[in-house]
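This report describes the fold and packing of the structure shown below.

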Amino acid sequence: METFLQQLINGLVQGSVYALVALGYTMVYGILGLINFAHGEVVMIGAMLAISSLNVLLGNGVSPLLALPLCAVIAMLGCMALGYGIERIAYRPLRHAPRLAPLITAIGVSIVLQNLAMMIWGRDYLPFPKFFSNNPHSFGGVIISDIQLLIFVLALTLMGLLLLLVQRTRLGRAMRAVAENQQAALLMGVDINRVISLTFMLGSALAALAGIMVSANYGLAHYYMGFLLGLKAFTAAVLGGIGNLKGAMLGGLVLGLIESLGAGYIGDLSGGFFGSNYQDVFAFFILIAVLVFRPSGLLGERIAERA
Amino acid sequence: MQNAPEKRLHKLLHSRSFWVCALLLLPFATDALLGHGWVRILDFAMLYIMLALGLNIVIGYAGLLDLGYIAFFAVGAYCYALTGSPHLATAFPLSIEGGVHWPFWVVLPFAALLAGGFGILLGAPTLRLRGDYLAIVTLGFGEIIRIFLNNLNAPVNLTNGPQGISRIDPVSIANLHLNVTQPLFGMEIPSVHLYFYLFLSFTWLVILASKRLEKSRIGRAWMAIREDEIAAAAMGINTRNLKLLAFAMGAAFGGASGALFAGFQGFVSPESFSLMESIMILCMVVLGGMGNIAGVILGGVLLAILPEMLRHSVIPLQQGLFGKIIVDPESLRMLLFGGALIVMMLYRPAGLLPSRVRRRELGSDEMAEKP
């Protein structure tokens, strides 16, 4: 029972990070009908920027309590600029091209970002500076650390704020209008390009925070971390119903749970044949299963085939 | 008006016998001019061309973006490795002492068939999906295969995990062992040259098959599906079966080249089959010109040779300029590939040597589909 609860908590924490990244995929998909393949790399760049700026800030004697929000802001700004640039360079010129074209540029962007990061930050694992005591709290044998608690609470808060933004503000209304029908939104005076740019920036800001969370949780960052994380977050978005914000949140949490419970129990269930080293396979199987049996996802509506 | 020598040159460049001679002499010329190592690079270039042509069937003809193509290469390679090395015998005490060691002409079709089977296995559940979903699922499939290859060393040691399988039999055809220098008409033909001729003949076969397929009823149906699936279905094309066939065909070519790779290399391990390899083959197809055989070959040659040239020029250049290596050629290569993918899609979406249909489809605005 204790193992179960422990895996449950680990899964929820991991899942809330997936959810944040998945939101970026789902927002872009909702508006442009495009899989932003390079989104995982934005997460990675966010983590790298945060670690670098943290090191500089802490090295100059800035107090950790101030340094953490500062580095988050730096990472978010950097990633927002990156997200804007990606949309501008790789997607906007191809908005009316066949679907294959933006997908291929996205792969290109992803490779370029990965290798740039490798050139700048090196091939090795980058340690996340340790500055606040990572106290493990124990509740009846189940351990949850400060960082995990912080990640979970912060992620939920961010999701709530995003929902408010999309449902209550003028920008949110414009985003929903563009997602519904670009032409009609244009006729109603919505500046489509601005809304799309802002959507990319919003998603990238969330990605930056997710990157910080992941690297703080594991204590390290790596130029290759964005690939798998991005793929899993995409799976989460599909699981929840791509294009649907609440779906992405639910999908992220569910995927996190499946993964951590699956990795915890697969050894027992398969009689030791499969071990927890198959953890990464779950996401792919879920992705295939969802796409085959319920392509609209848990909360999504049926997506019409676009020829 | 062309004058006589130009005309003769033109005729020469279009004669088949000229090209056959040139290709037959190529390894010797390379050996003499650049050194032994470059013939090996040529061999790998041939393998890449075969892979790119196989992927071209899936992407170029049928228009299905497959990002996990290297998985089929892996299936073929491991198939050859398991049947051609003592590993299987050590893993399963029941099988024949020292491994099964099937002859080349048995393993090759078997590897192709097995890879084709995997293609159907992947295609069957996913082909209903739209293009971009298909891309992600195939990418996931490629990773799954790699993870399994990495981890299937316990509890049953099938793949020997990350260490890979070594001591694989070299290719030998009718008692001609390709791993040793063979005498021919008083000449000594080294092993890498022999493999070059083997790969060359297989590449020729793949080209022939691709050409025939392109013009056939099946090929035309694939292109109809690529252009407009709904219209194709309305014309009575069984889109599901034909898409499956494209997947299986492409996979079978991948599997066959995988078997050749394993025989050539004598060693296989999961790290040869990473996502980056899939992307590299995709780059070859996209850069060269999707759907056009000559374009794909050009893309394959360029991308297989360029990294080696980079390796030979970037390191000395940096050492000369800065006294140390600042940018390693591997990441520079990937950086250039990524950049090339973006630039190509923005400015020349149909590739360096575009196919005529594809150019019409991707090139002009009025033909492009509306979002």
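## Overall fold

The model is predicted. Chain A contains 11 helices and 4 strands. Its C-alpha trace spans about 60 × 50 × 40 Å along the principal axes. A compact globule of 307 residues would have a radius of gyration near 19 Å, and chain A agrees with this because its own value is 19 Å.

In chain A, 51% of the 307 residues count as buried. Of the contacts between residues at least 6 apart in sequence, 76% join residues at least 24 apart.

## Helix α5 of chain A

Helix α5 covers residues 146–168 of chain A, 23 residues in total. From first C-alpha to last it reaches 32 Å, close to the 33 Å expected at 1.5 Å a residue.

Its buried residues are A:Q148, A:I151, A:A155, A:M159, A:L162 and A:V166. They pack against strand β3 (142–145) and against helices α1 (2–32), α6 (170–180), α8 (192–218) and α10 (245–269) of chain A.

## Nonpolar core

The largest nonpolar core has 216 residues, and those with the most contacts inside it are A:A19, B:A246 and B:I281. Leaving aside residues up to four places away in sequence, A:A19 touches A:A155, A:M159, A:A236, A:A248, A:M249, A:G252 and A:L253. Two of these, A:A155 and A:M159, are among the buried residues of α5(A).

## Contact between chains A and B

Chain A gives 40 residues to the contact and chain B gives 39. On the chain A side, the elements that give two or more residues are α4 (100–121), α9 (225–240) and α11 (279–293). The largest share, 14 residues, comes from α4(A). By type, the chain A side divides into 28 nonpolar, 7 polar and 5 charged residues.

Terms used:
Residues numbered from 1 in each chain as written. Chains lettered and ligands numbered in written order. Predicted model: local features only at pLDDT ≥ 70, side-chain atom pairs only at ≥ 80, totals over all residues. Expected span 1.5 Å × (residues − 1). Buried ≥ 20, exposed ≤ 12 C-beta atoms within 10 Å, placed from the backbone. Contact = placed C-beta atoms within 7 Å. Nonpolar A, V, L, I, M, F, W, Y, C, P; charged D, E, K, R; others polar. Core = buried A, V, L, I, M, F, W, Y, C linked by C-beta atoms within 7 Å. Rg over C-alpha atoms; globule rule 2.2 N^0.38 Å.
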